[in-house]
Amino acid sequence: MAKCVICDNSISKDTTDPHCDSYEHIFPNAVGGQNTVTGFICRKCNSGSGETWDAALAKTMHPLGLMLGVQRDRGAMPPLRTSTTQGERVTLHADGSITLTSPTFGKTIRLDGAPEYNITARTMDEARKMLEGLRKRHPELDVESTLAQAVSVERYLDGDFHFNFQFGGPEAGRSMVKTCLAFAFSKGVDWHECEQATAYLR
């Protein structure tokens, strides 16, 4: 009977048993893994290691996965909020697009003493809400005519992205070792022979 690589309990065929068999992504799904193996890890340990070890590895590889357009077996890569070297706050998306993380609002005083507002919104709906908020302080503001003058602009960012990739650590390291064991197991290697790796996971 197969045993779990982490807890060493027998892997049950009873789906109500927390130690029943599970599909283990050889390379974590969170970072693009699609191939799976069974008879390797019980459902309880698969769930626990996924929420801790694999999540830690996914966090370190998140920026790289978005930049390379990594496709996951289940669900899209979540968006990532970051800043450029010029302080531009943006959000990177799985489809390769980049959007402002939040709208911007600026106020200056003209030479004649009148206020001048500059807003940058991500959508026209967002721009409308911002203008309606301004109208509470300036009832004379014509929201519709102002929106009619709004221009949709696509531009390159002024700054660069700077990411510090650090792999390893107590949790991400275990995810990487588990990945190696799962790959070896899928190729017919008995994980019991990998004593140092199993001792590290436990």
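Begin by selecting Gly106, which stands opposite Asn118 in strand E7, strands being DSSP runs of E with at least two residues and helices DSSP runs of H or I with at least four, both numbered from the N terminus. The model is a predicted one, in which local features need pLDDT of at least 70 and side-chain atom pairs count only at pLDDT 80 or more, while totals for chains, interfaces and linings use all residues. Residues are numbered from 1 along each chain as its sequence is written, and side-chain values use heavy atoms, with hydrogens and water left out.

Next, select Cys4, Val5, Ile6, Phe40, Ile41, Cys45 and Leu181, the residues that touch the most other members of the largest nonpolar core, which has 15 residues. Such a core is a set of buried Ala, Val, Leu, Ile, Met, Phe, Trp, Tyr and Cys residues joined through side-chain atoms within 4.5 Å; buried means under 20% relative accessible area, exposed over 50%, and partly exposed in between, with a 1.4 Å probe and protein chains only. Helices H1 (43-68) and H4 (170-186) each supply at least two residues of the largest core.

Stay with Cys4, which counts as buried because its relative accessibility is 0%, and then show Cys7, which is partly exposed at 28%. The sulfur of Cys7 is the nearest cysteine sulfur to that of Cys4, at 3.7 Å, and Cys4 is in no disulfide, a disulfide being a pair of cysteine sulfur atoms within 2.5 Å; by this rule the count comes to 0.

Now colour H4, whose buried residues include Ala172, Lys178 and Leu181. These buried residues of H4 pack against strand E1 (24-25), strand E2 (36-37), H1 and helix H5 (195-201). The 17 residues of H4 should span 24 Å at 1.5 Å a residue, and its end C-alpha atoms are 24 Å apart, which agrees; the expected span is 1.5 Å times one less than the number of residues. After H4 comes Gly188, with a positive phi near 100 degrees.

Finally, centre on His62 in helix H1, which counts as buried at 13% relative accessibility. Leaving aside neighbours within four places in sequence, His62 is in contact (heavy atoms within 4.5 Å) with Met77, Pro78, Pro79 and Leu80.

Conventions: Pairing = 2+ DSSP bridges.
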